[in-house]
Amino acid sequence: MMPLTILTTCFNWTAAALRLPLFPEQASANAPNVDALYFFMLAVCGGVSIAIVLLIFYFAVKYRRRTPDQLAEEAHVPVALEWAWIIIPSLFFMSFFGWGAFLYFADAKAPKDALEIACTGRQWMWKFQHPDGQREINMLHIPVGKPVKLVMVSEDVIHSMFVPAFRIHMDVIPKRYTEVWFEATKPGTYHMFCSQYCGTEHANMIGSVVALEPHEYQTWLNGAATGSLALRGEALFNKLACNGCHTGDAEARGPYLPGLYGRNVQLTTGEVIVADENYIRESILKPGVKIAAGYDNIMPGYDGQLTEEQIIELVAYIKHLGKKYEQFEPVAPPTAPAPRPAGQNPDQTLPTGNVKPSMTPGTSPPATTAPAGAVPTPPPASEGTRPKPN
Amino acid sequence: MIEENVSLPRIHYLNSHYGWKSWLFTTDHKRIGLLYMVSITLMFFLGGFFALLIRLELLTPQADMFTADTYNKFFTLHGVILIFFFLVPSIPATLGNFLIPLMIGAKDVAFPRLNLLSWYIFVIGSLFTLWVVAVGGIDTGWTFYTPYSTTFANTHVIAATLGVFFTGFSSILTGLNFIVTIHKMRAPGLTWFRLPLFIWSLYATSIIQVLATPVLGITMVLIAAERFAKVGIFDPALGGDPVLFQHMFWFYSHPAVYIMILPSLGVVSELISAFTWKRVFGYKFVAVSSLMIAIFSFIVWGHHMYVSSMSIYAGMLFSILSYLVAVPSAVKVFNWTATLYKGSVSYDTPMLYALGFIGLFTIGGLTGLFLASMGLDRHLHDTYFVIAHFHLIMVGGAVMGYFGGLHYWWPKMFGRMYPEWWGRLSALIVFVGFNLSFFPQFIIGYLGMPRRYHVYAPEFQVLNVMSTAGSSILGVGYLLPLVYFIWSLRYGKVASNPWRAKGLEWETTSPPPPENFLEQPIVTEEAYNYPTRPAQPGKQTGKLTGGLNPPASPTATATGTGREAEVV
Ligand code: HEM
Ligand SMILES: [Cu+2]
């Protein structure tokens, strides 16, 4: 990346000399890659335009009409030259395409260990929910040096998440999750814009991304903790009586949910799809659209009854079902202990109220004792322990 | 250069009939061309007025002239008016209407009454839209993205979309008329590869107009239906898909940008040839590339949607196709440059506009390459970089071409010249103003300023001030021609073919008689058959007779070999 550094430096010097901003800050792992392509194309395209302008000037002067009757000269341009100016630009175009597609492709999927933050756009603000439940508006605190993935949805019109310093951009669409991820490389405060026109106050739908050193982020988290997303989702799950059908029993009327996220699901139509966020979301709101094989279309749809934030919580809960125990350890204990599932393998049980805040990630949590009344179910051969909410 | 001793023909299309009825009920394609010219000029200055208001507001980072709501209405009207009521009809409806029959040696277009109807539809559509402006405007942006436009905007969306819907018919009918005319009414001997390049480009444009505009019409009706009757097509709250709208919208609007630019490419080919007295280099390629661009333009719409949750693979396909469509455009630029080589280049106003066009089109096209790259568009999408890109191409490119064409064919239309010095000055001012307006916007865009913001972060200000300064200069550059063109109608020097250009349209008198040619012309040579001198300088082998002296009567040159240059 030597040439790039030199170019960036030149740009910044020019900018300082002219007292003009020419170039946005590079604050993400992705930014230097995008800028490298930008400079490459700038060099090629700049070179070509200058060449064309010079050539036109040269011809314009050399072949100017000197007498009113001067005719054009017979000219011969070799065919090879014609082919050259078709093929050479095409090769450059393909290099632009290839490089651009590669960049996009390489960054399309967030790394598995990315910190997931839920983002809701609405006229005219950005709302964020951290996995441990901290919420903020028009401000997003993130740790430096860790991939962060925003899972985004809109409550009304289409918005677009744009952080110039990170060179990322993604539309935020009503009733459909989209995601974007980045890894901040230096602490600082950066612009966050909505770039899709979304109505009167569009220009004020702005905010800041505050990138903090990891320990500062931790401090910030501790200051703003309000209970994990998955926990709030679990409470909702029970309140809405989802647990009435999704019991995990052999005769349960709804499919088994732990471990569902990311798995292939066979539908009644025979089609096999991946259970991603959008599938889970759709199954909550309009369960009749895609029915898992072996089940009847009996689930009521919750469309119109939940806010986007509640849906996010439910999806977070379902995603976290069957995940490794330590990954969703809450920073602060939730206020009311939720009904707790039981099982022999603690790694596959739900996060519950009696998890000790002091527990550190990585250590296997101690087996919890099932509360009275909870019936331990033996693990089915393939699926591990079934949680049994009451 | 101005010809000596020319006089206006006694009877021509302008004075053959009198009274307002003879204009409003005319079926003469030349008069209809002028009717269009008057109406779109009004729309041009109205849309331009909104542009200046927008730029004035952006002089400072705060909102100090208009409220957010007013600003949003202004940029919407600016876009709707200039795109649908100026850029789309500009060259085809004015120059195209006027020139197609003249350039192919026909008496009129194939369906003269349909032609008049198109103009009426256009006027009704514009009046409808002006009415929307008067009663309170619309604030969706010219892209009408859903579900904002269907559910959330509380402005006059239904009326505005119906206005656009109406105008679409005008576009379709004009395209249809041109296709039939070019197929059926060419003069004897005028084969496809003898056609002027302007005709080729209008033919390609017409194909797009006929095939793409209906999709826009349907989309506009669906928006109106969804707002009015709450059918769930685009609004997810009603079970619709908001991204579907973008697919439908860009399926029209991407090809539409080529409706705006292809005719300009044709005009520039004519100008370059006429002011170098040379055949356009690689004539066949330039001709066929217009068609290729038209066809490819239908399958690249997805490059507007890289960040709209479209699949990566679809994105890659759209990306590579976008680069393919850029190849013919790039090669055209090389061909024009090569045409200058060993030409006899003169610098009259139209040529200055044409050269300015090449500059702006090249920058505009090359910056399109940045946007077509998925990795870069993820940063640039919906920023000022996009604004700068499409203004260079469409306003820079299309309007430079339109102005160049107007200056070139002005003496053909009215038999009089505008003051040459003022013409050159206007070309220069437009070019300088243009670059000053839009070049800073590329930088603002890369810095990250999103489009459609009426307030912005203070660090973007310096560049915004430059841009606003440029747009005032540009405004002057656009107003100048309006003044001297009107002046020239009465006081301009009489001229018939001041450029000594070739082409059937110059074979008849200026202004032409009502029936274009007094006798059916017969074509025996390809377009741009200018005589040349051999490679060693000094010796001239040919003599350009073309329009040096105005034809005594149109019949004299309109017959067969009369068009042949006298080769010594
Ligand atoms: C020939 C002339 C061209 C015209 C008239 C033209 C016109 C336009 C217009 C009007 C827009 C903006 C639409 C909007 O969002 O409001 C646009 C955007 C775009 N153009 Fe062009 N363009 C041309 C050439 C090119 C070329 C050669 C390429 C690529 C190779 C290209 C790639 C793009 C892309 C990718 C966008 C979308 C950018 C975004 O929304 O992020 N254009 N163009
Ligand atoms: Cu927004």
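Which residue of chain A forms a salt bridge with Lys342(B)? The partner is Glu73(A), and the closest N and O atoms of the two residues are 3.9 Å apart. A salt bridge here is a side-chain nitrogen of Lys or Arg within 4 Å of a carboxyl oxygen of Asp or Glu. The rule finds five salt bridges across the interface of chain A and chain B.

This is a predicted model, in which local features need pLDDT of at least 70 and side-chain atom pairs count only at pLDDT 80 or more, while totals for chains, interfaces and linings use all residues. Residues are numbered from 1 along each chain as its sequence is written, chains are lettered from A and ligands numbered from 1 in the order in which they are written, and side-chain values use heavy atoms, with hydrogens and water left out.

Consider the interface as a whole. In chain A, 81 residues are in contact (heavy atoms within 4.5 Å) with 94 residues of chain B. The buried area is about 8000 Å², and carbon and sulfur atoms give 68% of this. Buried area is the accessible area (1.4 Å probe) that two parts lose on being put together, summed over both.

Glu73(A) also stands opposite Arg533(B) in β1(B). Strands are DSSP runs (E, at least two residues) and helices likewise (H or I, at least four), numbered from the N terminus. β1(A) and β1(B), residues 532–533, pair in the parallel sense over two bridges; two strands pair if DSSP finds at least two bridges between them.

Two residues show the contacts in detail. His202(A), in the loop between β10 and β11 of chain A, has a relative accessible area of 0% and is therefore buried. Buried means under 20% relative accessible area, exposed over 50%, and partly exposed in between (1.4 Å probe, protein chains only). Leaving out residues up to four places away in sequence, His202(A) touches residues of both chains, including Trp124(A), Arg451(B) and Tyr453(B). Asn72(B) lies in helix α3 of chain B and counts as buried because its relative accessibility is 2%. Beyond its neighbours within four places in sequence, its contacts include Tyr197(A) and Ile138(B).

Strand β8(A) is largely enclosed by the rest of the structure, because five of its five residues are buried. In a regular strand the side chains alternate between the two faces of the sheet. On one side of β8(A) are Ile168(A), Met170(A) and Val172(A), on the other His169(A) and Asp171(A), and all are buried. β8(A) runs antiparallel to β7(A), joined by five bridges, and His169(A) is the bridge partner of Phe162(A).
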